[in-house]
Amino acid sequence: MRNASIALVLAALVGCGGSSSSTTETAEAETTTSGSEAQPSFAQITVDEVATAITAADGSVAVFDANSRETYDEHHVPGATWVDYDAVTAEQLPADHATQLVFYCANEQCSASHVAAETASSLGYTNVAVMGAGIQGWIAAGKPVEGAGAPAAE
């Protein structure tokens, strides 16, 4: 189990983001304007808040994984949709711009989810959040995952 956890952490760190551009540089470019720090246009949301929203299953939340495609395929939040963090389009997002959108990536050090969330906000979505703990925090909290690396049902 310990080896699997270590492999999971390493895979998530390597898999942060879905493209070849630098996540940190892209995030800085998105949030810095004329020498002053711009306020992000999204909220922070906890693992438990996301789990509660998903459990409600009323269609009021859409969850997006901004990790690499390989990391998403290995494990992701149940019902999450994969997005290339620096290529999010309106076609990938719900038609209702008031739907709560939640983006996540690997962990607190990964900023791919922030880039994706900023894009969604710039597309006119008004209820955008980032789960900063990422997939690593989700797994550490004992929440279920889907994907090839998910534990088999008992």
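These legends describe close-up views of a predicted model. Local features are taken at pLDDT of at least 70 and side-chain atom pairs only at pLDDT 80 or more, whereas totals for chains, interfaces and linings use all residues. Residues are numbered from 1 along each chain as its sequence is written, and side-chain values use heavy atoms, with hydrogens and water left out.

**View 1. The aromatic pair of F64 and F103.** A search of the whole structure finds one aromatic pair (rings of Phe, Tyr and Trp, the last by its six-membered ring, with centres within 6.5 Å; planes under 30 degrees apart count as stacked, over 60 as edge-to-face and the rest as tilted). The ring centres of F64 and F103 are 5.2 Å apart and their planes lie at 25°, so the pair is stacked. Because F64 belongs to strand β4 (residues 61-65) and F103 to strand β6 (residues 100-104), the pair ties together parts that are 39 residues apart in sequence; strands (E, at least two residues) and helices (H or I, at least four) are DSSP runs numbered from the N terminus. Both F64 and F103 are buried (under 20% relative accessible area, with exposed over 50% and partly exposed in between; 1.4 Å probe, protein chains only).

**View 2. S68 in the loop between β4 and α4.**

**View 3. Helix α5 and G124.** Helix α5 (residues 112-122) is mostly covered, with nine of its eleven residues buried, among them V115, E118 and T119. Just after α5, G124 adopts a positive phi of about 100°.
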